[in-house]
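Please look over the structure shown below before reading on. The briefing takes the chain as a whole and then turns to its parts.

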Amino acid sequence: METLMNILMEIDESIQWEKEKALIDDRILDSFGVISLISELEEAFDIEIEAAEIIPENLNSVEAMWKMVQRLKEK
């Protein structure tokens, strides 16, 4: 989880990541941020995030991102 938080802070340290529950729905995280995030997550956690995974349900909150990472690491 610490690695995830470090990645998020690198993308934008002005966002209160822990409190946000609608990062995509409220357009807090823009398309460039999403692309950067996906790339960083794949590299940091040695996973492949397919296009079908890049949905608000997986990216709206830190908890959702962490669940997605854990699920993909098990594959």
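This is a predicted model: local features need pLDDT of at least 70, side-chain atom pairs count only at pLDDT 80 or more; totals for chains, interfaces and linings use all residues.

**Overall dimensions and packing**

- Taken along the principal axes, the C-alpha atoms of the chain fill a box of roughly 30 × 25 × 20 Å.
- Buried residues account for 37% of the 75 residues in the chain, while the accessible surface comes to about 4,900 Å², with 47% of it belonging to carbon and sulfur atoms.
- Of the contacts between residues at least 6 apart in sequence, 55% join residues that are at least 24 apart.

**Helix α1**

- Leu4, Met5, Ile7 and Leu8 are the buried residues of α1, and because they fall within an arc of 160° when seen down the helix axis, they line one face of the helix.
- The face of α1 turned away from this buried side carries Glu2 and Glu10, which are exposed.
- The cover over the buried residues of α1 includes α2 and α4.

**Helix α2**

- Helix α2 runs over residues 31-45, and at 1.5 Å a residue its 15 residues should span 21 Å, which agrees with the 21 Å that separates its end C-alpha atoms.
- The buried residues in α2 are Gly33, Val34, Leu37, Ile38, Leu41 and Phe45; they cover an arc of only 135° around the axis, which puts them on the same side of α2.
- On the other side of α2, the residues Phe32, Ile35 and Glu43 are exposed.
- What covers the buried residues of α2 includes α1 (2-11), α3 (56-59) and α4 (62-73).
- Just after α2, Asp46 takes a positive phi of about 55°.

**The aromatic pair**

- One aromatic pair is found in a search of the whole structure: the rings of Phe45 and Trp66 have their centres 5.8 Å apart and their planes at 70°, so the pair counts as edge-to-face.
- This pair links distant parts of the chain, with Phe45 in helix α2 and Trp66 in helix α4, 21 residues apart.
- Phe45 counts as buried because its relative accessibility is 12%, whereas Trp66, with a relative accessible area of 22%, is partly exposed.

Key:
Residues are numbered from 1 along each chain as its sequence is written. Side-chain values use heavy atoms; hydrogens and water are left out. Helices (H or I, at least four residues) and strands (E, at least two) are DSSP runs, numbered from the N terminus. The expected span of a helix is 1.5 Å times one less than its number of residues. Buried means under 20% relative accessible area, exposed over 50%, partly exposed in between (1.4 Å probe, protein chains only). The arc is that of the directions from the helix axis to the C-beta atoms. Contact means heavy atoms within 4.5 Å. Rings of Phe, Tyr and Trp (its six-membered ring) pair if their centres lie within 6.5 Å; planes under 30 degrees apart count as stacked, over 60 as edge-to-face and the rest as tilted. Accessible areas come from the Shrake-Rupley method with a 1.4 Å probe; for residues, only the protein chains shown count as cover.
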